[in-house]
Amino acid sequence: MLKVRLEYVHPWTNHAGMYLARAAGLYQEVGIDPEFASGDFFRGDPAYLLARGECDIALLRLNQLLFHQHDEASLISVAVMNQCQIGGIITNTSTGITRFKDLEGKRVCIPMGVKRLYTELEQAVSKDGGDFSKVITTDPGEWEPDIRSVERGKCDAFINVAWWEPFQGSQPFEQVVTLPFDSIDVAPHHSYYLCVRREFLDRNPQVVQNFVTATERGYRMVREDEQAAVNALQPALCHIDPEVLTVSLRSVLPSWFDSTGRWGTANLSMVRSYTTWMNQHGHLSVPLEQALQSIDNGCITNALLPQSNEPLPSAVSLPEVA
């Protein structure tokens with residue numbers, strides 16, 4: 001069994017390609033039996049679980065990946081999930097918010113007070129010609145809001161995943177308003193990285209490559225058969241209306257493929273740019289020089305993707321022990 005730790009406390013439509021690959025027997029064809037796991041972070045976030053060997057594959061953010069670079073215990077990204085960031089402002093038509101500047105005088109909820117999101121919001125409002133000092137920001141603590149928070153008047157807008165939380169309310173989907181940070185070119189970046197431990201890759205390169213290949217096929221299948229993807233997700237998301245799954249799936253699907261239609265490719269230029277941006281604003285988990293060196297040393301690789309002709313990463317050399 002191959003244990004795959006998802007990045008959030010439950011699966012959502014961003015994982016559709018993996019669930020469809022499993023349902024269609026694509027993993028089974030290459031001798032892989034994956035278990036998709038999610039849950040709270042009581043034992044640590046997915047990066048710590050992966051580093052400790054409590055899972056074999058995990059979906060991580062760049063900061064987590066850069067933090068866990070320790071020779072053979074290092075983590076390495078073998079594919080990216082999204083070609084853009086997933087976050088943005090979410091509201092509905094009743095608030096009159098149609099652009100970032102309209103957030104002046106409005107109550108904006110920032111989940112768990114994440115400082116990086118605060119910086120992105122400030123830059124987006126300013127870039128749109130607004131006065132950020134007029135935006136009223138609130139921190140909901142451990143609770144992450146969705147569109148019901150706006151419907152109930154708890155806030156005027158909030159930051160979260162622009163392809164999932166907007167569709168959890170009771171009003172028609174047409175009343176949802178989303179303002180992705182990418183739409184105003186604030187801190188472009190890949191959202192999640194499909195990662196393994198270096199020692200696991202060194203010992204099982206074919207297993208990892210088979211997993212990546214089957215997963216890539218799964219995401220292409222989602223593009224070709226939306227209903228099959230919804231059906232594959234529904235058992236794990238039995239509490240979610242299939243219409244919600246469908247509209248969310250249509251929203252997230254374009255983010256999986258690059259400009260040439262390929263899944264999983266990391267844009268290393270964007271990775272370096274985002275790393276520098278995080279450092280400039282105090283959000284980087286390690287010193288900038290160390291982070292850039294890790295990237296240059298191959299902590300993110302496209303070599304295991306089906307379309308790649310890059311050589312596989314060479315195994316980490318370990319000292320001989322007499």
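**Stop 1: the largest pocket.** Start by selecting Tyr 8, Arg 61, Met 112, Glu 144 and Tyr 192, which lie nearest the centre of the largest pocket. They belong to a lining of 47 residues. Keep in mind as you look around that this is a predicted model. The space in this pocket comes to about 1300 Å³.

Now colour the elements that each give two or more residues to the lining of the largest pocket: β3 (57-60), α4 (62-67), α5 (115-127), β8 and α11 (268-280). What classes of residue will you find in this lining? It divides into 22 nonpolar, 13 polar and 12 charged residues.

**Stop 2: a sheet.** One of those elements, β8, leads us onward. Select β8 (157-161) together with β5 (87-92): these two strands pair in the antiparallel sense, over 4 bridges. Zoom in on Gly 88 and you will find Asn 160 of β8 standing opposite. In general, the strands of a sheet pair through backbone hydrogen bonds, either parallel or antiparallel.

Next, show the whole sheet. It is open, has 5 strands in the order β7-β6-β8-β5-β9, and its pairing is mixed. Which strands form the edges? They are β7 (136-138) and β9 (176-180), each of which pairs on one side only. Looking across the sheet, you can see neighbouring strands turned against each other, by 30° on average with direction ignored.

**Stop 3: two crossing helices.** Select residues 16-23 for helix α1 and residues 205-224 for helix α8. Their axes come within 7 Å and cross at roughly 100°, which makes α1 roughly perpendicular to α8.

Show the side chains where they meet. From α1, pick Ala 16, Gly 17, Met 18, Leu 20 and Ala 21; their partners in α8 include Phe 211, Ala 214, Tyr 219 and Val 222. Counting both helices, the contact has 9 nonpolar residues, 3 polar ones and no charged ones.

**Stop 4: the second largest pocket.** For the last stop, find a pocket with about 220 Å³ of space. Of the 14 residues that line this second largest pocket, select Gln 69, Asp 71, Ser 74, Arg 198 and Asn 297, the closest to its centre. Both β4 (75-80) and α12 (288-296) give two or more residues to the lining, and the largest share, 3 residues, comes from α12. By class, this lining has 4 nonpolar, 8 polar and 2 charged residues.

Note on methods. Residues numbered from 1 in each chain as written. Predicted model: local features only at pLDDT ≥ 70, side-chain atom pairs only at ≥ 80, totals over all residues. Heavy atoms only, no water. Axes fitted to C-alpha atoms, helices over the stretch in contact; angles between N-to-C directions. Parallel < 35°, antiparallel > 145°, perpendicular 65-115°, else oblique. Contact = heavy atoms within 4.5 Å. Nonpolar A, V, L, I, M, F, W, Y, C, P; charged D, E, K, R; others polar. Pairing = 2+ DSSP bridges. 1 Å grid on protein atoms, 1.4 Å probe; cavity = no way out; pocket = protein on both sides within 12 Å on 5 of 7 lines; lining within 4 Å. Points joined across faces, edges and corners; volume = space filled by probe spheres on them.
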